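Me: Hi! I have a structure open and would like to talk it through with you. Could we go over it together?

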Amino acid sequence: MILSEKLLTLRTRAGLSQEELAEKLNVSRQSVSKWECGASIPGIDKILEISRIYGISTDYLLKDEMEELPGEVVADVYHPEDVREISVETATEYLAAVREGAARIALGVGLCIVSPVPLLIFTGMSESGLVFPTDDIAAGVGTGVLLAIVAAAVLLFVLNGLRLNEYEYLEKEEFRLSYGVAGIVEKEEKEFRPVFYQGIAFGAALCVISCVPVVVANAAGAADSLLIYLSGLLLVLVALGVYLIVRAAIRKGGYDRMLQQGDYTQEKKRENKRLEVFDGAYWGIITAVYLGVSFVCMNWYISWVIWPVAGVIFAVVRSIVSAMNGR
């Protein structure tokens with residue numbers, strides 16, 4: 001007996017409708033229907049939940065050769081008293097807040113990336129003998145504008161944090177969705193998926209082509225002042241690309257939190273709690289390194305590379321630390 005047949009048999013013998021089982025599993029009725037007709041299969045987290053609900057082993061579900069039903073099937077209707085239940089209203093309000101917050105955070109990140117552009121422009125104008133009589137004056141004014149832009153970005157981050165603070169439990173605590181909520185969120189997430197892929201693709205493309213003008217101009221022996229201006233253009237293109245990526249990723253994260261999937265399953269939440277100190281320390285150090293290198297060497301046009309490199313290293317190191325903690 002294959003998995004789809006077992007799922008149908010178990011539900012029928014437990015006296016549950018597809019809607020009732022879907023509510024227990026925080027999925028849509030269509031998902032249950034697809035599992036039972038073999039159009040798709042449940043993820044491992046749902047296999048574990050189904051095993052708990054029916055009081056059977058996962059071996060029975062996953063091994064086709066095990067066909068004998070293990071005794072009477074009675075659905076477990078227990079839900080812990082302290083588990084929050086998310087209503088349609090709460091889910092709708094949260095996803096709306098995430099949409100707004102995604103734009104704010106993406107804009108803030110973009111502002112941080114373009115913040116050196118005025119400094120580069122003023123330096124270029126000083127090199128050409130325009131406006132600023134000395135490099136020191138150009139650097140002073142440019143640094144002042146840079147700090148003002150960074151301050152605006154920090155303000156966006158703080159305001160967004162305050163707006164989403166009431167939903168922090170979605171990222172860290174266990175909860176369940178009221179009947180029908182999972183289906184609504186899954187439908188929205190499915191409609192958003194093409195937008196997510198486009199944002200990631202176009203954003204990555206902009207980051208890749210951002211260095212082309214500088215490379216071409218340098219190869220052609222362009223003047224230093226022109227290279228400085230093109231470095232500013234490079235940062236603008238990178239900022240646009242990162243804006244698209246961050247905005248798409250944050251919105252996708254909102255759906256993942258609500259559906260408790262991807263990086264927000266119960267197992268991942270417990271793991272993230274253990275690694276919070278590591279995450280904060282790592283990115284604090286990276287930020288200090290980025291600012292130190294950029295200010296000391298004044299190479300803002302290339303120091304942004306620290307961030308993608310740090311991201312790759314973070315993924316590797318975090319996996320190692322997670323594996324060590326899981327022992």
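Reply: Happy to, and we can go from the overall fold to single residues; keep in mind that this is a predicted model.

Me: Great. How many helices and strands does the protein chain have?

Reply: There are 15 helices and 2 strands in the protein chain.

Me: And what share of the residues counts as buried?

Reply: Of its 327 residues, 39% count as buried. The accessible surface of the chain is about 17500 Å², and carbon and sulfur atoms account for 63% of that.

Me: What about contacts along the chain, how many join residues at least 24 apart?

Reply: If you take contacts between residues at least 6 apart in sequence, 74% of them join residues at least 24 apart.

Me: Let's go inside. Which residues have the most contacts in the largest nonpolar core?

Reply: That core has 20 residues, and the ones with the most contacts inside it are Ile86, Tyr94, Tyr167, Leu170, Leu177, Val185 and Met258. At least two core residues come from each of helix H6 (88-114), helix H9 (169-172), strand E2 (175-177), H10 and H12.

Me: Pick Tyr94. What does it touch?

Reply: Leaving out residues up to four places away in sequence, Tyr94 touches Tyr167, Leu170, Gly254, Arg257 and Met258.

Me: Switching to rings: how many aromatic pairs are there?

Reply: The structure holds 4 aromatic pairs. One of them joins Phe192 and Tyr255, whose rings are tilted at 40° between the planes and lie 5.6 Å apart, centre to centre. Phe192 is in helix H10 (residues 181-209) and Tyr255 in helix H12 (residues 224-259), so the pair links distant parts of the chain, 63 residues apart.

Me: Are those two buried or exposed?

Reply: Both Phe192 and Tyr255 are buried. They also belong to a cluster, linked by ring pairs, with Phe196 and Tyr197.

Me: Which charged residue sits over the ring of Phe196?

Reply: Lys252 does: its charged end is 6.0 Å from the centre of the Phe196 ring.

Me: New topic, cysteines. How many disulfides turn up?

Reply: A search of the whole structure finds 0 disulfides.

Me: OK, and why does Cys37 count as exposed?

Reply: Because its relative accessibility is 56%, and the cut-off for exposed is over 50%. Cys112, with a relative accessible area of 26%, is partly exposed.

Me: Back to H12 for a moment. What are the neighbours of Val242?

Reply: Val242, which is in helix H12, touches Val109, Ile113 and Cys207, not counting residues up to four places away in sequence. Val242 and Gly110 are 132 residues apart in sequence, with 6.6 Å between their C-alpha atoms.

Me: Why is Val242 called buried?

Reply: Because its relative accessibility is 17%, and buried means under 20%.

Me: What about Asn26, where does it lie?

Reply: Asn26 lies in the loop between helix H2 (18-25) and helix H3 (29-37). Asn26 is buried, with a relative accessible area of 15%. With residues up to four places away in sequence left out, its contacts are Lys46, Phe175, Arg176, Leu177, Ala182 and Gln260.

Me: Last one: which helix holds Pro118?

Reply: Pro118 is in helix H7 (residues 117-127), and Pro118 is buried at 14% relative accessible area. Not counting residues up to four places away in sequence, Pro118 touches Val145 and Ile149.

Definitions and conventions
Residues numbered from 1 in each chain as written. Predicted model: local features only at pLDDT ≥ 70, side-chain atom pairs only at ≥ 80, totals over all residues. Heavy atoms only, no water. Phe/Tyr/Trp six-rings, centres within 6.5 Å; stacked < 30°, edge-to-face > 60°. Helix = DSSP H or I, 4+ residues; strand = E, 2+ residues; numbered from the N terminus. Buried < 20%, exposed > 50% of the residue type's maximum accessible area, 1.4 Å probe, protein only. Lys NZ or Arg CZ within 6 Å of the ring centre and 35° of its normal. Disulfide = S-S within 2.5 Å. Core = buried A, V, L, I, M, F, W, Y, C linked by side-chain atoms within 4.5 Å. Contact = heavy atoms within 4.5 Å. Areas by Shrake-Rupley, 256 points an atom, 1.4 Å probe, with all protein chains shown as cover.
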